[in-house]
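Have the viewer open as you read.

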Amino acid sequence: MKALQERIRQEGQILSEKVLKVDSFLNHQVDTGLAVEIGKEFARLFAHEKITKVLTIEASGIQFAMATGIALGVPFVYAKKKKAITQGDVVYAASVHSFTKQETYQVTIVQSYLNKEDRILIVDDFLATGAALVGLADIVEASGATLVGVGCVIEKTFQEGRGLLEERQIPIQSLARISSMSPGHVDFIEETPL
Ligand code: G4P
Ligand code: NA
Ligand code: NA
């Protein structure tokens, strides 16, 4: 997605060779027009899949899952990282190790929001180590729903996430694929069409 790649080049801050900061337009302040276009693009890429629900994880997947859900005309659900006291319901849970925060946390989804009949598209801001996405894929599998694919706004191809998802035969579409980066420089590679 050209507009996205240009924004990454203009506004992305490379904090280290592995961490890209996109807080000014993607995941702290959010460019709503760009988020809507991202949602439309995921909807277009997975149009043939009869998706019934979009799934993401809080916090920075939410705006893209919502945009995608609107474009597809389906609800979205986001996995929660802390189990609220009021959340007395039965949940699906997975543990996720965060490489940016160096900690392991539980993600949960109330069981009644995922059903065997559902066809799920997972959407997230980054594909990095894949830990968060594999946790969500485990939850979809536990629910008996069908996982049709994963849509990532930004993929860092030099981390292991894609490999972990492909081992499970999960189709991936990333809108910007970064093959390498260093301060002042970002290299993109194109997605191969489905
Ligand atoms: P993932 O590949 O399955 O997303 O999982 P990973 O464990 O590698 O990433 C952990 C968290 O760090 C994820 O956020 C992911 O979006 C974020 N992340 C990974 N690489 C980068 C990066 O280069 N820059 C930024 N800004 N974030 C990155 P999360 O757990 O969904 O948390 P939240 O930040 O959305 O609350
Ligand atoms: Na995220
Ligand atoms: Na994030």
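Of the 23 residues around ligand 1, Ser60, Ala128, Thr129, Ala131 and Ala132 come nearest; a residue counts as near when its C-beta atom, placed from the backbone, lies within 6 Å of the molecule. This is a predicted model, where local features need pLDDT of at least 70 and side-chain atom pairs count only at pLDDT 80 or more, while totals for chains, interfaces and linings use all residues. Residues are numbered from 1 along each chain as its sequence is written, and chains are lettered from A and ligands numbered from 1 in the order in which they are written.

How confident is the predictor? The protein has a mean pLDDT of 94, with 95% of its residues at 70 or more; pLDDT is the predictor's confidence in each residue, from 0 to 100. For the complex, the ipTM is 0.92 and the pTM is 0.95.

Back to the ligand. At least two shell residues come from each of β2 (20-21), β7 (119-127) and α5 (131-143), and β7 gives the largest share, 4 residues. Helices (H or I, at least four residues) and strands (E, at least two) are DSSP runs, numbered from the N terminus. By type, the shell around ligand 1 splits into 12 nonpolar, 8 polar and 3 charged residues. Here Ala, Val, Leu, Ile, Met, Phe, Trp, Tyr, Cys and Pro are nonpolar, Asp, Glu, Lys and Arg are charged, and the others, Gly among them, are polar.

An unreviewed UniProt entry puts a "binding site" feature at Ala128, Thr129, Gly130, Ala131 and Ala132. Those positions are in the numbering used here, feature names are shortened, and annotations may be inferred rather than shown by experiment.

Take two of these residues. Gly130 sits in the loop between β7 and α5, whereas Ala132 lies in helix α5. Gly130 is buried because 24 other C-beta atoms lie within 10 Å, and Ala132 is buried too, with 27 such neighbours inside 10 Å. The cut-offs are 20 or more other C-beta atoms within 10 Å for buried, 12 or fewer for exposed, and partly exposed in between, with C-beta atoms placed from the backbone. Leaving aside neighbours within four places in sequence, Gly130 is in contact with Glu160, Gly161, Leu164 and Leu165. On that basis Ala132 touches Ile57, Val96 and Asp124. Contact here means C-beta atoms, placed from the backbone, within 7 Å.

Next, helix α4 (residues 62-72): its buried residues are Gln63, Phe64, Ala65, Ala67, Thr68, Gly69 and Leu72. Their cover includes α3 (32-45), β3 (53-57), β4 (76-79), β7 and β8 (146-156). After α4 comes Gly73, with a positive phi near 70°.

Most residues other than glycine have a negative phi, and most peptide bonds are trans. Glu58 and Ala59 are joined by a cis peptide bond, with omega about 5°; Ala59 is in the loop between β3 and α4.

How values were computed: Two residues are in contact if their C-beta atoms, placed from the backbone, lie within 7 Å.
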